[in-house]
Amino acid sequence: MHVTAYALAAVLYVAASVRYALRFARARPGTTALGAVIVYAGVFSHVLGVGFYWAEFGEPPLVGLGPSLATLALLIALALAGLGFFSAARALGLILAPVAASILALALIIGIAPMGSELGFRGPWLVFHISISFVGYAGWVVAAAAASMYLLQFRELKHKQLGAVFEFFPSLGTLDKLTEWALIAGFAALTLGIAVGWAWTIRFEGGFRWTNPKVIWAVSAWLALLVALSMRFSRPSRQAALWNVAGFAAVSLAYLVAKLMIPEHGFFL
Amino acid sequence: MPFAVVGLNHRSASIEVRERFAFSATEIPDALAHVLAGSGVAEVALISTCNRTEFYAHLTDPDSAIPYIINTLARQAGQLDKPAERYLYVKRGEAVVDHLYRVVSGLDSMVVGEVQIQGQVRDAYEVARGLTGSRQAVRAVFNRLFQSALAVGGRVRSETRVSEGAASIPSAAVELARKIFGSLRGRRGMVIGAGDMGELTLECLVNEGVASVIVASRNMLRAQKVAARFGGESVAFSDFWKQLPETEIVITSTAAPHAMISLADFRRHMPAKLRSPLFIIDIAIPRDVEPAIGDLPNVFLYTIDDLQHIVTASHERRMAELPKAEGIVALEVDKFWRWYSGLRAVPFIRQLREQAEFVRQSELSRALSQLEHLSETDQQRVERLTRDLLKKILHHPTARLRAAAEDGREHDILEAAQYLFGIGEDGTDGAEA
């Protein structure tokens, strides 16, 4: 049952992506209400999928690659749904809808089922640690999407080639504000997530394992996010956007490399 | 031919002539009452903007009404170098609906697709609708006509791109400013030079929310006048550099023969790295701003040529949308005209129903007087039976008559129906005649 709901959500995210892509191709403003409505429907189906999963397996879909990816996709889609209330911000769906669709599709291909391994700690604190960390990553995805659009819109305005990007994308001011809010929210959430994980690892495992690849990656991601945030408040918006996108790309690439090269079972996500 | 539009617009008359025919907002109610007081006008509305003055009338006697409206317009214009009729056009019948729909959609405007006309037509309708009693200017037909016109305007704008994009240099500047800053509310603007185009551009930006305005000009009187108009501050021309670092939007329109904002000066007076964007609109010829400044980070420099390119591209896009917009107008004109034509069958249908109801009631009371043994409930059942029978019998003939009228075939069919049911053309009982 949960797979059907997840699959329907993926289809709806794809439909929203197509809607945004068509508007972009026709150089129309990205304030499409229909795109936002399709995303709402997708989120509804996605939440149903989470509910079915929880009822079926007795735990939220947070442990294991498939469930984790599905939950990350949900948080990105939720952020997009939230942005849908502001017509000027809906254009972010051009990037976020396909990202959510791709991550959820990948999760479906891998299989959305519990991993079944013994974890260091369980219960509400684990749920909180993983959930809030995912909120942090989702916030960064939104910030990186807004920063990418900022760079493209900046380029179009600077070079006076006013085409589809000019028409579809929000203003530089809007994109800059969105990046700032998403960075702040993402950083706060990831900081909290890492702090909770750190505290509980010390308590239940006797110390923080600095050599653990997932710890190295999570702390690197947190540092990169900190740099992006400090750039946002100290440098011109374009430079800050560049740092943001570059940092996000580096951290994502590092994750992929680590995932492929370290076959450690349980490496989160 | 019950409709007429009489008026003039930017194509039939120059601005000097159009000004003479224009009615102020306070004059319009009296002008409408004056036209209604003449013979042959059932409903009337007046659209008076800087580009057109038009009386729309629903007529009962076109032969007397149209000359009367022309006289009303001629009286408003006063003495002209040519007779007023030379500037006026008269359209009749279905062409009036087509004209109004095109006007409200912006297809008949000087700048195709402009949106202000929608509000101006709505205002004209509201003013006419506001007249009541013996001066009632709008009734069922004009209510339908103007409401449908406003809906057509909305449909054309939402389903086509005929109103999208900048239509003028100032609106192109506003569009760009919006794409750079998002909301312009509270932004700081400066105009250097205060020429007419600069002032017009500033006006558009202020209308969008630009709050703090500085005017720098060699002509201090002119600077003070422009600054006072926008609630801003005037400064000496030489002081504009002091203000520039605090400014987000700059309009330059001086008559200087050379670039007065050079790269070297800009570097000397401005921070090395601008934290927030600076939008410079250089509408002077020759240019006021050295082009290399546009290459600096966070500086967006647009010249009058750049803005003109945007306007031209937008105009081409609007023109490409015209066939689609005109298709919508044609479809809606047909729809309105079918509804209006259907009204021709209404008096006959009303008479037919009244006559049938009279027969039903008299036959029912005769029958019930012979069925006194029936209970009250049963009598009500009989009453309902006759009513339902009548409704069903008349349903098809009335629907077909209305459809025939909408298709313009009402003449023969109505004549036949009048003969068959014994009802006269004027709604009297034809059988008695």
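These questions and answers test a few labels used for this predicted model.

Q: Why is Asn298(B) called buried?
A: The cut-off is 20 or more other C-beta atoms within 10 Å. Asn298(B) has 20 C-beta neighbours inside 10 Å, so it counts as buried.

Q: Where is Asn298(B), and what is its phi?
A: Asn298(B) sits in the loop between β9 and β10 of chain B. Its phi is near 65°, a positive value in a residue other than glycine.

Q: Why is Lys160(A) called partly exposed?
A: A residue is exposed with 12 or fewer neighbours and buried with 20 or more; partly exposed is in between. Lys160(A) has 18 other C-beta atoms within 10 Å, so partly exposed is the label.

Q: What is the phi of Lys160(A), and which loop holds this residue?
A: Phi of Lys160(A) is positive, about 60°, although the residue is not a glycine. The loop lies between α5 (124-159) and α6 (164-168) of chain A.

Q: How do you know what span to expect for helix α12 of chain B?
A: The expected span is 1.5 Å times one less than the number of residues. Helix α12 (residues 304-342) has 39 residues, and 57 Å is expected. From first C-alpha to last, the helix reaches 54 Å, close to that value.

Q: Where is the kink in α12(B), and how big is its angle?
A: The kink lies at Leu322(B), shortly before the proline Pro323(B). Its angle is about 40°. That angle is taken between axes fitted to the seven residues ending at a residue and the seven starting there.

Q: Which residues of α12(B) are buried, and what covers them?
A: Among them are Leu307(B), Ser314(B), Arg318(B), Glu321(B) and Phe336(B). The cover includes α4 (94-104), α6 (140-159), α7 (169-181) and β10 (299-303) of chain B.

Q: What makes β2 and β3 of chain B a pair of strands?
A: Pairing takes at least two bridges. Seven bridges join β2(B) to β3 (residues 52-59), so the two strands pair. They run antiparallel. Ser48(B) stands opposite Thr53(B) in β3(B). Three residues lie between the two strands of this hairpin.

Q: Is strand β2(B) mostly covered or mostly open?
A: Strand β2 (residues 41-48) of chain B is mostly covered. Seven of its eight residues are buried.

Q: How do you know that β6 and β7 of chain B pair?
A: Strand β6 (residues 212-217) and β7(B) share four bridges, so they pair. The sense is parallel. Val215(B) stands opposite Ser234(B) in β7(B).

Q: What is the strand order in the open sheet of six strands in chain B?
A: The order is β7-β6-β5-β8-β9-β10, with parallel pairing.

Q: Why are β7 (233-236) and β10 of chain B placed at the edges?
A: Each has a single partner strand, so one side of each is left without a neighbour in the sheet.

Q: What makes a residue of chain A count as touching chain B, and how many do?
A: Contact needs C-beta atoms within 7 Å. Eleven residues of chain A are in contact with 14 residues of chain B. On the chain A side, α7(A) gives the most, with three residues. That side divides into five nonpolar, three polar and three charged residues.

Conventions
Residues are numbered from 1 along each chain as its sequence is written. Chains are lettered from A and ligands numbered from 1 in the order in which they are written. This is a predicted model: local features need pLDDT of at least 70, side-chain atom pairs count only at pLDDT 80 or more; totals for chains, interfaces and linings use all residues. Two residues are in contact if their C-beta atoms, placed from the backbone, lie within 7 Å. Ala, Val, Leu, Ile, Met, Phe, Trp, Tyr, Cys and Pro count as nonpolar, Asp, Glu, Lys and Arg as charged, and the others, Gly among them, as polar.
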